[in-house]
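I am keeping these notes as I look through a structure, one topic at a time. Each entry records what I looked up and what I found.

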Amino acid sequence: MPAISTSPPILSHGALFYGYDGDPNVFLWGGTTSYVNTSFPGYLPPLPTTFSMWSFNIFTHAWSHYDFTENIQYRPSSGSYAEARDQALSFFLNGIIDSGSSTQTMSLGRDQEIALKGMVVIDHKKQTARNISSEGFSGDKPRSRGRMQFVGVGEHGILVQIGGKQKDVRNTMDTGITDLLPMDKVDVYDVSALNDERSSNGEGWYKQVVTGDIPEPRVDFCLILVTAPDASSRNM
């Protein structure tokens, strides 16, 4: 159960989720503390990883926090994220931790970061979170700063991941904007894989080559999904 709180964190590079239809809360997942201006009156130092998700009730204006540390050890940032509101599910793929992620990671240097494997799946109705394998997606080179969209096709829909950068998990230095991923290849995840053994062995991911006017590799870009009025096609 969530606990009521009056002091939400000030974080960047996290994710905002809407939960599901009828839920009055907006959810903040993950993120990291910025050291750009520590003299700012509202600056708060990194918090423990105990509460990686917070919610804001749009009617009562009350903040609550959730403890998922039993299954999620770190507070990730800079991962790709999407949500399937019809299933009350949210997704946060790979990402990093750095010196601003939590009190436990403050010992990392400002030029260090650790790439994270796995994809966090949050069930907003059950108020649970689990980290499933992303081995079939990124192996030992997790992704960060890309974008992901949920597309409601098939039995449970798919996730489409585009762009960003990759980094070997053994490299703990901040590599900047390097090793960018090509935009002519996208990764697709079959959400129905969550319901069988594929979620534990990293399967359910597929690669798709795209054609047309392909943009240059990039990070931190905008990605939206537009569906035709008759649902005959979907464009990003």
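I began with charges placed over rings, and in this predicted model I found that the charged end of arginine 147 sits over the ring of phenylalanine 221, 5.9 Å from the ring centre. I noted a further case in arginine 110, whose charged end lies over the ring of tyrosine 35, at 3.8 Å from its centre.

I looked up the pair of tyrosine 189 and tryptophan 205, which is tilted, with 4.9 Å from centre to centre and 45° between the planes. This pair links distant parts of the chain, since tyrosine 189 belongs to strand β16 (residues 185-190) and tryptophan 205 to strand β17 (residues 205-209), 16 residues apart. I counted tyrosine 189 as buried because its relative accessible area is 0%, which falls under the 20% cut-off. Tryptophan 205 is also buried, with a relative accessible area of 10%. I wrote down, too, that Phe27, Trp29, Tyr66 and Phe68 form one aromatic cluster.

My last entry concerns asparagine 94, which I located in the loop between β7 (89-93) and β8 (96-97). Is asparagine 94 buried or exposed? I found that asparagine 94 is buried, because its relative accessible area is 3%, again under 20%. The residues that asparagine 94 touches, leaving aside those up to four places away in sequence, include Pro76, Gly79, Leu116, Phe137 and Arg143. Serine 138 is another of these contacts, and I noted that the side chains of asparagine 94 and serine 138 make a polar contact at 3.1 Å.

Terms used. Residues numbered from 1 in each chain as written. Predicted model: local features only at pLDDT ≥ 70, side-chain atom pairs only at ≥ 80, totals over all residues. Heavy atoms only, no water. Helix = DSSP H or I, 4+ residues; strand = E, 2+ residues; numbered from the N terminus. Buried < 20%, exposed > 50% of the residue type's maximum accessible area, 1.4 Å probe, protein only. Polar contact = N/O pair within 3.5 Å; in protein donor to acceptor, adjacent residues only side chain to side chain. Contact = heavy atoms within 4.5 Å. Phe/Tyr/Trp six-rings, centres within 6.5 Å; stacked < 30°, edge-to-face > 60°. Lys NZ or Arg CZ within 6 Å of the ring centre and 35° of its normal.
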